[in-house]
Amino acid sequence: EILKYNRKYSNIVNFEQCQSLVKEKKNNIRSFKLKFLDFISNCHSFRNSEMIIDTHLSKFENLKLNFFFKNFFPNNVNSNTINYKPTNRRKLFKIFDNKKVKNIDSIFINLLPKLIPLSFVENYKYLVERSNNLNWPSSPSFIFTSSAFFGNEVFKIWLANMVNKNVKYYVGQHGNNYGTHFYYGNKNCVERRTCNHFISWGWQEKKTNVIKGFYFKKPFKRRDNYTQGGLLVINTSIEHNFVPWDTVDYYLKRLNYVKTFLLNLPSNICTNTVLRFTEKTNNYNCSQLNDIDDIFKKVKKDYGKSDLQDLIKKNRLTVFSYDSTGMLQYLNSDIPFIGFWPNFNDHILTSKRNLYDLLYKNKILFKDPHEASNFVTANWNTLDQWWKSKEVKIAKLKFRECFAKNENNVSKSLAEILKSY
């Protein structure tokens, strides 16, 4: 029953479909811009002394950080587009197939040949060759990235070779959950476990490799006041299936929380509400989109097409239906928001719950969608007074100092950290 239930919401693509998708992507003509950037990054003979890539800084701050180290040809201009060459894995299926085993182990054994990444098998030699041919530092003084470790297969192979040479490897925080979530971003996650130092956005953790840093990302532009405009509700798609809980069930609970919240709002607010979801193409299948349309028939929906800064301009309040990086971006920019989600702080580390409770006491976070909608209704015309009140300012400051610490000169301060440790 569980498998049947989840099948409706899971995008399961068989091997033949994968082949056609890869061929389709392979045949797509890469843009002139990417070709040009690839050419520039690999044609010059000069190799940087440091490897700085995918920093999550603004373009200007990223350029400044490279210039601090006299890197006039930043390494992160290259494209990580890969021409994957899948082969038929039916032979692998036969090797792993064991009809005698009928327990749960057989499920994992049968799935293994389907789930081993192409980069580990068919494309490994190609990726090694490509990493060797790139004009990246051969012996960098350090490596710094905030996210290249996640999906850049060429970088990961190059990184492994550099780490084996004892090159210092720094990872910067790129989103929330680090330092707060019991599972996401804990001290045993790959990026924290494999680096020499992890640079946080302001939090610390004893007896670990965490360096107390500051918020890297470019802040949003805020309005002078928030007395006019509508309501923006920001949602996320289903979480990745590599987590040890039922992501589909939790996703549906979140949608129902949002539905309850909207149904409890007066019509003058509800009709001026925009529901923002992530882009359709990569994050939702047909069943999920139908469910969203059925649940939220009368509300405007935006699937990542509008610029978030434009939506912030048009709305007086934003609601987050999950514990989001966006909340930290809003705090750092001092833009009014509230948030609620199922099981409120069950995912939060015990040592950090006092800070989440502080936002709850000051009506920034809510444990129940009814509480949240009642607050919005009662304070719709006085949101500025609430957001600028003394108690709320103190709560915001304490939370921000720990999880999204403000820094006036991001690139200079980050360069000092990279030089000091």
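Predicted model: local features only at pLDDT ≥ 70, side-chain atom pairs only at ≥ 80, totals over all residues.

Reader: What does the chain contain in helices and strands?

Author: The chain has 21 helices and 11 strands. Of its 421 residues, 47% count as buried. Take contacts between residues at least 6 apart in sequence: 72% of them join residues at least 24 apart.

Reader: Which residues of H11 are buried?

Author: First the general idea. An α-helix has 3.6 residues a turn, so residues three or four places apart point the same way. Now the case here. The buried residues of H11 include Thr 247, Tyr 251, Leu 255, Val 258 and Leu 262. Val 248, Tyr 250, Leu 252, Arg 254 and Phe 261 are buried too.

Reader: What reaches the backbone nitrogen of Val 248 at the start of H11?

Author: A side-chain oxygen of Asp 246 comes to within 3.2 Å of that nitrogen.

Reader: And how do I read a helix pair?

Author: Two packed helices are described by the angle between their axes and the distance between the axes. Here, H16 (residues 325-333) and H20 (residues 390-403) pack at about 120°, with axes 10 Å apart. The crossing is left-handed.

Reader: Which residues of H16 and H20 meet?

Author: Leu 328, Leu 331 and Asn 332 of H16 meet Lys 396, Phe 399, Arg 400 and Phe 403 of H20. By class, that contact has 4 nonpolar, 1 polar and 2 charged residues.

Methods: Residues numbered from 1 in each chain as written. Heavy atoms only, no water. Buried < 20%, exposed > 50% of the residue type's maximum accessible area, 1.4 Å probe, protein only. Helix = DSSP H or I, 4+ residues; strand = E, 2+ residues; numbered from the N terminus. Polar contact = N/O pair within 3.5 Å; in protein donor to acceptor, adjacent residues only side chain to side chain. Axes fitted to C-alpha atoms, helices over the stretch in contact; angles between N-to-C directions. Left-handed = near helix turned anticlockwise from the far one by under 90°. Contact = heavy atoms within 4.5 Å. Nonpolar A, V, L, I, M, F, W, Y, C, P; charged D, E, K, R; others polar.
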